[in-house]
Amino acid sequence: MWYAKMYFSEKREFFQYDAAGMQGLPSVSRELPFLESLLSFLEMNCEELTPTLRRIAEDWNRLITEDDRQAGTNAMMELGGLGSRHIYLQLLYTRWYDRMTRMGVFGDRGSEEDRQMLEELRRLPEQLPLYQKQIRRFFELVLDVDSAGRDPQQQASQNYLYDAPKDPELFAFHPIPLSFEPVEPGRCSPVLYSGSIKDMIDYSLRSCVERDVTVRRCKNCGRWFPQTGRVSAEYCERPVPRGQQTCREAGAFRRWTKKQSDDPVFKAYRKEYKRRFAWIRAGRISDTDFYAWSEQAREMKKKCDRDIITLEEYVDWLKHP
Ligand SMILES: [Zn+2]
């Protein structure tokens, strides 16, 4: 039996898929930072996927009604392509591939199951953007620390009556297929055997509430990120293309330069430093004298930073050491 497993461990999330159901030998495995799959799903351009999804549905229809094998192959190729665009979409490939391989040589197709799967494919172009909307609403009302506050449990309990959301645009939870098994040496954990993309969204959102994880829009890139560490974090550490700085690194650097440029002690030091540096060229001072001065100036700056001397005393020293 095929499976699409998803589970969390520490600050990571794990996905394992196999169409043949080979436990321990998944054909696709992926490891991501906690919540990265949901956040990247939220940022996916669903409109771009619509033509592909429609073609897949039409090909599937031809396979199950006219026994058109080529159409079946085409559908599988396109589903494979979708799977590499987002890890949630890999579920479609796994499920449909499993169904394809169970079709016998003599037209064992067109069953109730096949027709239901066709309906599912046809609904996806509307469902995916709808899920995105419902996730965004859940963030705004429950998880976003800036709009909903720091207590997701409190917010969630106020926004649902039993399992029904009070706001019609809010995500609706349903029973999901959770199992429990060893996920790494010496550790067991709940494991979701997803039947649909919605199951994975459901599990991600409820896990945030259970773990008290809030989200926030990053001050640098504007994207949401999970606050798995400090709740005061303002910059994300979400994956960036190789070699680039994460927003957190970029933010730390910007804060440092901002702090320096606002600091009157540093400004005074910088101004005098530039003036004397120009003297070297003009031949008014030697390199050695300049560096000796700058070393002393930094020592004096430390004294000023610690309030041992006043800013006025420091400025006076800088000019007449
Ligand atoms: Zn960012």
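Q: What is the mean pLDDT of the protein?
A: The mean pLDDT, the predictor's confidence in each residue from 0 to 100, is 92, and 99% of the residues reach 70 or more. This is a predicted model, where local features need pLDDT of at least 70, side-chain atom pairs count only at pLDDT 80 or more, and totals for chains, interfaces and linings use all residues. Residues are numbered from 1 along each chain as its sequence is written.

Q: Where is confidence lowest, and where is it highest?
A: Helix H8 (residues 247-262) has the lowest mean, 76, and H7 the highest, 98. Helices (H or I, at least four residues) and strands (E, at least two) are DSSP runs, numbered from the N terminus.

Q: How do you know that the span of helix H7 agrees with its number of residues?
A: The expected span is 1.5 Å times one less than the number of residues. For the 14 residues of H7 (residues 197-210) that gives 20 Å, and the end C-alpha atoms are 20 Å apart, so the two agree.

Q: Why is H7 called largely enclosed?
A: A residue is buried if 20 or more other C-beta atoms, placed from the backbone, lie within 10 Å of its own, exposed if 12 or fewer, and partly exposed in between. In H7, 10 of the 14 residues are buried, so the rest of the structure largely encloses this helix. Among them are Ile197, Tyr203 and Val209.

Q: What makes E2 and E3 a pair?
A: Two strands pair if DSSP finds at least two bridges between them. Strand E2 (residues 12-18) and E3 are joined by 6 bridges and run antiparallel.
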